[in-house]
Amino acid sequence: MAYQPHHNWTPQAQKEILKQARTGGVLLSGMSNNKPYPIYWDKMLLNASQVTNPSIDPLREPMEIRTYLGRKPAKLEFHADGSLKTKLEPQVQLETPILFSAMSFGSISLNAQKSLAMAAKKLGTLFNTGEGGLHPALAEYKDCAVVQVASGRFGVHKEYLENSRFIEIKIGQGAKPGIGGHLPGEKVTVEVSHARMIPEGSDAISPAPHHDIYSIEDLRQLIWSLKEVTQYKKPVAVKIAAVHNCSAIVSGVARAGADIIVMDGFRGGTGAAPTRIRDNVGIPIELALAAVDQRLREECIRNSVSLVVSGSFRNSADIVKAIALGADAVSIATAPLIAMGCHMCQQCHTGKCNWGIATQRPELVSRLDPEKMHLRVVNLVQAWNHEIKEMLGGMGLNSIDSLRGNRLMLRGVGLRERELEILGIAHAGQ
Amino acid sequence: MTLIAGKRTFRELNADIRTALETQNTVCVESVNGQRYIGSGLDAGKSIVLHGTPGNDMGAYLNGGKIEVFGNGQEAIGNTMNGGEIVVHGHVGDTLGYAMRDGAVFVEKRAGSRAGIHMKEFRQMQPVVVIGGVVGAFLGEYMAGGTLVVLGLGNPQNLPLVGAHCATGMHGGRIFLRGAFSQENISENIAVRELTVDDRAELERHVKTYCAYFGADEAEILDVPFHKLEPLTARPYANLYTPN
Amino acid sequence: MFKREGEVRIPSGCAIAAVTDRSGTCFGGAEIIDCIALMHDRSNGLGGGFAAYGIYPEYKDLYAFHIFYDNNDARVQTEAFLFRHFDIETFEQIPTRKVKSITGSPLIWRYFGVVPQSKIKKNDFDEDEYTARCVIRINNTVPGAFVFSSGKNMGAFKAVGYPEDVGEYYMLDTYKAHTWTAHGRFPTNTPGWWGGAHPFTLLDWSIVHNGEISSYDANRRYVEQFGYKCNLQTDTEVITYLFDLLVRRQGLTLETAAKVLAAPEWDVIDRMPPAEREICTALRTVYSGALINGPFSILVGSKYGLLALNDRLKLRSLITAQKGSKTFFASALCILRRLRGTVLLRCALLRQRRQNRLSGRRQMHCVPSLCGNLPDARH
């Protein structure tokens, strides 16, 4: 019998109850929050120059989107002979403000990860190993790899840390704040087991929290242990989920010594997350970013750390708005996966991805050819780069540096006073 | 070569240790006072001897090297250790051998909470932690491989051999406990078994090494019965989830 | 009711000019008034002003405060503050001449004073920092009072009106300075507030500026992290604070500060020799928030020298020329036609620019400071 229409008890609500009544299990979903919460990107509009200052044509004028991530001193000092006295902490040069987010080998296939690595290399940006270790097949991409250290420490050892552009400590993830990772044994194939350095077929449990981190000073300890073991050659990033108190948390993380802070909004993707967590925990990245950037500025430390945000950037305009709110760079994952074929069926957790992305089955993985697919990802990011330059030029800017935190470039539409206040922007017409 | 740690910062001290180890294989450090990260990532063939109290994360990411401490240790010794050996002639704090993958840690006396959590093994990599005294709560939490040994020696206050919530979420490896322990401190899904012949051989090997380092009586230690804890299933959470 | 600067952001176009004598010889204000008057059409009578360096030799070690008061109450309140925080040696109304087109004048006073030694010992900063904080405090907290000049041996003079009339009004022909800058304003709104005219000043800094910067909010939010408050919401104000931060507080040279504000492009940096590349890369990464974007030409006066700076794409006009020991800067070439025997530097710059365009590249034109002759010069 068909479900009777009911505004509150939707067919989906009823189906979920029946599933749990049958199995007693925690509901598990893939991809990202699928509920109709407000999308603030769509309620902010960008500026363009008219007369009083000119727009700039990116086709004939230099238009700079190069971005540096890493800890910055408050000032530079010079010797009497004009040479630089201040020694800068290691910096990461990116040719675009777009990075690829963490997706482990295990949650996605080696071919998918390799496509991202190849694309990152061509684009002058970085891919992220997630907490699945770096597979030997990707060793040649180590200079564009971000290696992750999560609570399970899978595949983490000295050489892994050294084979990276920077190191990311994963505290949380937007799709499942407060919840760890759990790669089921059936996905731990020989290859996955090799990268993670665990026996084949065993569960890879990476709970929240890190059991050596119970406070901000413990985080400091982990950050500096990573700096020590890599002899201060690698910036250390800390990734957190955007949660209610994120401004205070980020401030603490910055003071704990993180060089880069990655904040993932509640729409961030995942290979698998408990449905209820995915759909109900965390806050929108737009509000979190605005609040964090403002807080760090009030504390006069915004300039010392880099801020990377993620959590469902659908197009280049979302990215431009994020940078105007105050981000240094953004990190994307779902978009490049869609470029590689993902149809958003949200069944990643089943491991049966038709497109050879979120699967370890050899017959499915072989459908994804990195030689072809990385080019689609390159195309996507290059198109976005060009669009970012067009929008920058329209605003009369020729460097992304002048967009960062430039909230006068944004106006809200259909937003309430409190939302505008948090975003730190005026309403359209003002 | 001997270095004096005194009140120097960890960054200065560790840089000096690294420099010294470029030209020699062993360095001795006197009057260590809480400096962190000593010997982090130390490679095979290199060794450090410490006198005093090394700070947290001593031997983090240890990569085959050896650290011997004459004194007590603090928190997170051997964090994410990938090989090598750590010997502590004294007590140690919490989170000993967090996520260690290979190598051995010998602690003469007691260890704090959360020792050996996230320990794991991979092929020939089989980590071992031997604790001479008693140990705090959450021993071997989420343990996925390797061997933990708790001897319970020198326990005048008669503290429990292992604290509460021992082996929560354990899904691999083995824990050898010497003498009596409170069953209520052992988590569900954990089997308490007699040692097999192979287990006994492994245990004796570790006890022998322990005695060699700390001068304990091997026969006396092995005279008391041991039990082995191991997970009932390698997939404790296999039925936790329902695809939605 | 029109809103004032500070209540709203008012874009404006402008004319700017400067004359400096590199030998340090002081000369009257007639020349700069002539220069700016020739560019009459670039302003609309809604603001004009001048900054003059070397005008108070008899008080050269004293801070000279020029203050607008809307009413006598504001004066009483401000003077109470000033006399409490400074040893004021002398004060008077700034002499003015009756000029038909200049109306609605506030009360205009000047004060010469030093920072009492006891204040410096008590506080953890130097006398410049102390004075800057006092000025900011008056401007933020005393209603109807506005300190529009606070440097030593220099002064700003500004009003609502055409700049040549403003010069006449303040009798600038009677002052002698080694460096003069001038500004004619074309705001897109009519605030009619004297404080909103240019130059904007803080301590010895005076800035006249032409253009509207598109990076305003990025620059504002950057500089406010260091304790500044951009109350007027003007480009000139934020640029002044950037220079104050980089040069006075952080100790960069004017030239290095210019490389921060109008930074070389990345592909130019990539081609530099390693040592220079390291410096420019570090400057761009550390000071990315101080990069000024959008069209501008600015003239920065200070005790460190006079700096003329153009935006990176050379979107605003700015020419420079030399005659004898004098150097001229202006928005328009016409001012130089009357100067016979002038060496027109602009031609050289133009040629360079054309070559750059042929190779598909424009370049910023940063004319280094000409401060070798000044008493407090740094380099």
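A polar contact is taken here as a pair of N or O atoms within 3.5 Å, where, within protein, one atom must be able to donate a hydrogen and the other to accept it. By this rule, in what is a predicted model, 18 residue pairs in polar contact are found across the interface of domain 1 of chain B and domain 2 of chain B, both residues of each pair being at pLDDT 80 or more. The count of salt bridges between domain 1 of chain B and domain 2 of chain B, by contrast, is 0.

The two domains of chain B are assigned as residues 1–90 for domain 1 and residues 92–236 for domain 2, and their C-alpha centres lie 24 Å apart. At the interface, 20 residues of domain 1 of chain B are in contact with 22 residues of domain 2 of chain B, and about 1600 Å² is buried between the two domains, with 48% of this area on carbon and sulfur atoms. Of the area that domain 1 of chain B buries against domain 2 of chain B, 27% is supplied by Met81(B), Asn82(B) and Gly90(B), which is more than any other three residues supply.

On the side of domain 1 of chain B that touches domain 2 of chain B, strand S4 (63–70) and strand S5 (82–89) of chain B each supply at least two residues, and the largest share, 8 residues, comes from S5(B). Sorted by residue class, this side of domain 1 of chain B divides into 6 nonpolar, 10 polar and 4 charged residues.

How values were computed: Residues are numbered from 1 along each chain as its sequence is written. Chains are lettered from A and ligands numbered from 1 in the order in which they are written. This is a predicted model: local features need pLDDT of at least 70, side-chain atom pairs count only at pLDDT 80 or more; totals for chains, interfaces and linings use all residues. Side-chain values use heavy atoms; hydrogens and water are left out. Domain bounds come from an automatic or database domain assignment. Contact means heavy atoms within 4.5 Å. Buried area is the accessible area (1.4 Å probe) that two parts lose on being put together, summed over both. A salt bridge is a side-chain nitrogen of Lys or Arg within 4 Å of a carboxyl oxygen of Asp or Glu. A polar contact is a pair of N or O atoms within 3.5 Å; within protein, one must be able to donate a hydrogen and the other to accept it, and residues adjacent in sequence count only if both atoms are side-chain atoms. Helices (H or I, at least four residues) and strands (E, at least two) are DSSP runs, numbered from the N terminus. Ala, Val, Leu, Ile, Met, Phe, Trp, Tyr, Cys and Pro count as nonpolar, Asp, Glu, Lys and Arg as charged, and the others, Gly among them, as polar.
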